[in-house]
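The following report concerns the protein displayed below. Please keep the sequence and the model in view while reading.

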Amino acid sequence: MTRILAISPHLDDAVLSFGAGLAQAAQNGAKVTVYTVFAGVARPPYSPAAERMHSIWGISPDEDAVLHRQKEDIAALGHLGAEHVHGEFLDSIYRKAPDGRWLTDHVEGRQKLKIEKQAPESNLALFSEVKAAIGSVVGEFAPTLIVTCAALSAHIDNEITRDASLAVASERGIPIRLWEDIPHATFGSGKIELPRGFRLGDPAFGSVESEARTRKFQALELYPSQLVMFDGPEKNFFGALDEHAGKNSPDGGYGEVSWPVIVPESDS
C-alpha cells in the first residue's frame, strides 16, 4: 500500500497547499497521514501578535486558540480521508527569541506578522528536536513518500519543517516532494533555497479529479478561523485557487504543483 506522510508546518498548511493531492491519493487507496509540526498548545501570557491574531480569527480570550484550531484541522483532514498527528512544538507567534523578546510582532493595520530574523545557530536546538520528532513519526508510519512545504514564504517554522523533513528523508532513503506554498504562491513566485546537498527536480503539476478539488475546497471551509483572512465579501479566495491552478494546468483542470528533491551523488 502507498503510504503518504504529509509534514505540515502549521494547522491548515497541508490542506491549503496539497489538499487536493491528498484527497486524490486517499481516494485511490493510499494511506494518508498529516503530521503538523507546530501545533503545540501554548499557555498565556501570549504575545501581542498572538492576541491580535486570535481576535482576527474570531476566537474569544477565554478560549484556547490552538485547541480550537486543532478541532478544525481534525475535521478538515477527516473530510479529505487523512489521519492526523499534532506535534507539540509552538507556533512562532507563541515563541520567544533567545534574548527574551517575542519572536513575532504584528504589522499595524494589516493581517500580517513580522517575524524576527534569527541567526541559524539560534535555531539549532529547535531544528534537532523537530528532526527527532519527524524521525519518530516516520518510524511509526513507515511512509513510502513524504511531502512537505517548499517554504516559499521564508517563514522560520516552514524552513525548519522543510529542512528537518529533508534530513530525515535523505537519511532513510524515502522519496520526498515539496509542495508549492499556498496562499503565498498566488501572490507571486518565491525563491526556494534548500540546504546544501539538496536540489530541486523539475516541477510537476498534479492533476486531480473534480471530486478531489471539491473535497479540498470543502475541507478549507472547515477552517473558519483561518479562512476569514483569505476569503470574504471583497475577496474570492477559491476563485484565486482555481485561477492559479489554471495557469499551471496543461488542460485547464485543477491540480497542485510540487517538486521532487534530489540528493546529488558525492563527487569523491
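R162 is found in helix α5; helices here are DSSP runs of H or I with at least four residues, and strands are runs of E with at least two, both numbered from the N terminus. At 3% relative accessibility, R162 counts as buried, a term that means under 20% relative accessible area with a 1.4 Å probe and protein chains only. Apart from neighbours within four places in sequence, R162 is in contact with T148, C149, A150, A151, L178, I192, E193 and L194, where contact means heavy atoms within 4.5 Å.

## Basis of the model

This is a predicted model, in which local features need pLDDT of at least 70 and side-chain atom pairs count only at pLDDT 80 or more, while totals for chains, interfaces and linings use all residues. Residues are numbered from 1 along each chain as its sequence is written, and side-chain values use heavy atoms, with hydrogens and water left out.

## Overall architecture

The protein has nine helices and ten strands. Its radius of gyration is 18 Å, close to the 18 Å that the globule rule gives for 268 residues, so the protein is as compact as a globular protein of that length. This radius is taken over C-alpha atoms, and the rule is 2.2 Å times the number of residues to the power 0.38.

Along the principal axes, the C-alpha atoms fill a box of roughly 50 × 45 × 35 Å. Buried residues make up 50% of the 268 residues. Of the contacts between residues at least 6 apart in sequence, 80% join residues at least 24 apart.

## Packing of α4 and α5

Helix α4 (residues 124–141) packs with helix α5 (residues 156–172) at an angle of about 50 degrees, and their axes are 9 Å apart. That makes α4 oblique to α5, since angles under 35 degrees count as roughly parallel, over 145 as roughly antiparallel, 65 to 115 as roughly perpendicular and the rest as oblique. Axes are lines fitted to C-alpha atoms over the stretch in contact, and angles run from 0 to 180 degrees between N-to-C directions.

Residues of α4 in this contact include L126, F127, V130 and I134, and those of α5 include I160, A164, A167 and V168.

## Packing of α7 and α9

Helix α7 (residues 210–220) and helix α9 (residues 237–248) pack at about 145 degrees, with axes 12 Å apart. R213, F217 and L220 of α7 meet F237, F238, L241 and D242 of α9.
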